[in-house]
Amino acid sequence: MIEGRALVAASTGRPITHICADCVGACDNLFEQHQRKHVELEEMPTPRELVAHLDRYIIGQDRVKKALAVAVVNHYKRVLGGPIDDPDLEGVEVSKSNVLLIGPTGCGKTALAQALARRLHVPFAIGDATTLTEAGYVGEDVENLILKLVMAADYQIPAAEKGIIYIDEIDKIGKTSQNVSITRDVSGEGVQQALLKLLEGTVANVPPQGGRKHPEQQYLQVNTSNILFICGGTFVGLEEIVGKRLGRKMIGFGRGDEGARDREIERNELVAQVTPEDLERYGMIPELIGRLPIIASLNQLSEEDLARILTEPRDALTRQYEVLFRYDDARLKFDDRAIREIARRAKARGTGARALRSIVEGLMLDIMYDLPERQPGQTYTITEEVVRGEKSLFDSESV
């Protein structure tokens, strides 16, 4: 007895421990909060509200945002919706709205999926199709994708069963003409076959610690019927397949920026007209294509898009550095010409928005190294000359 509180001794364990009723109540509250970490959607946002949310984080790709928003809302209507009070519609089963995103590297495929999951407050996991192999071969089983989602849900199976999985590099597991009977395509068509059941909906036996399965292992059983799968890939050369079907050839002439822009525009126009038959010619098996009914193509980012990405999103890279400067009691500004110069350099690298961070990180390395030792209360401006290395940032400091 401590201060009038009754203590109960643990029945097992050495040394013997005691706990009071207040502590039991506190533990109950902790467990309840833990279980609420991934709550079910109480109110589904409209497609317009989802697009508005995506606009805060992703620049451009308006058509894709709309397609994704509609697909996601329809998916969760199917998952969370109750029975329909209409005898004529009773028993009608709505199919899953899995999504395939096609677009060049760095155009926002992964960021779109992450932003959706953040708005919906559902568990989210990312997997790379290139690491997957058929069962029995070196690599990862497809069930490891489900394990990542379960871990993101803190092993709460009901929450994980309403989550989102993004599978990147899905185009890399396409069949190739080099596959012959002498060697087995363990990371290509075999993986596509293994993904079929997960995408359609099955009860997957997931090893709780990952790795390969073995008969004596205990498994987590996860129903994938209500998990939304979003697959993404660059599909290099797909525009040529589409162009051949349409009787069009890609522009092979024209030099400089104008020629590059023309080829980029034509590529965007051709991929926007992709059909399941085109994807089958690319190397995807028809059964997998059929389980990805929503196909959306993303455009290559223009120099203007890259400039907007630097400044407009809520967590834009320039804003992140402004925050870092504030920690050292300093202010940072980027002038318009500097933004355009960074965007121009990123565009020349051809890796989309990923190039922006690489360029800005390189630009800010020496600056951030010296900043803590500078006089506080200063304002610094990144100019075009600073980006080009023709001038030091600290030459522009002002009180």
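Q: What makes helix 2 oblique to helix 4?
A: In this predicted model, helix 2 (residues 47–55) and helix 4 (residues 109–120) pack at an angle of about 120°, with their axes 10 Å apart. Axes are lines fitted to C-alpha atoms, for helices over the stretch in contact, and angles run from 0 to 180 degrees between N-to-C directions. Angles under 35 degrees count as roughly parallel, over 145 as roughly antiparallel, 65 to 115 as roughly perpendicular and the rest as oblique. The angle of about 120° therefore makes helix 2 oblique to helix 4.

Q: Which residues of helix 2 and helix 4 meet, and how are they classed?
A: Leu50, His53 and Leu54 of helix 2 meet Leu112, Ala115, Leu116, Arg119 and Leu120 of helix 4, where contact means heavy atoms within 4.5 Å. By class, this contact has six nonpolar, one polar and one charged residues; Ala, Val, Leu, Ile, Met, Phe, Trp, Tyr, Cys and Pro count as nonpolar, Asp, Glu, Lys and Arg as charged, and the others, Gly among them, as polar.

Q: Why are helix 13 and helix 15 called roughly parallel?
A: Helix 13 (residues 317–327) and helix 15 (residues 354–370) pack at an angle of about 20°, and their axes are 11 Å apart. This angle falls in the roughly parallel class, so the label applies to the pair. Leu317, Gln320, Tyr321, Leu324 and Phe325 in helix 13 meet residues of helix 15 including Leu356, Arg357 and Val360. The contact divides into nine nonpolar, one polar and two charged residues.

Q: Why is Thr234 called buried?
A: Buried means under 20% relative accessible area, exposed over 50%, and partly exposed in between (1.4 Å probe, protein chains only). Thr234 has a relative accessible area of 17% and is therefore buried. Thr234 is placed in the loop between strand 8 (228–233) and helix 8 (238–246).

Q: What makes the pairing of Thr234 with Asp171 a polar contact?
A: A polar contact is a pair of N or O atoms within 3.5 Å; within protein, one must be able to donate a hydrogen and the other to accept it, and residues adjacent in sequence count only if both atoms are side-chain atoms. The side chains of Thr234 and Asp171 make such a contact at 3.2 Å. Another, of 3.5 Å, joins the side chains of Thr234 and Lys172.

Q: How do you know that Thr383 is buried?
A: Its relative accessible area is 11%, so Thr383 counts as buried. Thr383 sits in the loop between strand 11 (379–382) and helix 16 (384–388). Its side chain makes a polar contact of 3.3 Å with the side chain of Glu385. Leaving aside neighbours within four places in sequence, Thr383 is in contact with Asp335 and Ala338.

Q: On what basis are residues numbered and values included?
A: Residues are numbered from 1 along each chain as its sequence is written. Local features need pLDDT of at least 70, side-chain atom pairs count only at pLDDT 80 or more, totals for chains, interfaces and linings use all residues, and side-chain values use heavy atoms, with hydrogens and water left out.

Conventions:
Helix = DSSP H or I, 4+ residues; strand = E, 2+ residues; numbered from the N terminus.
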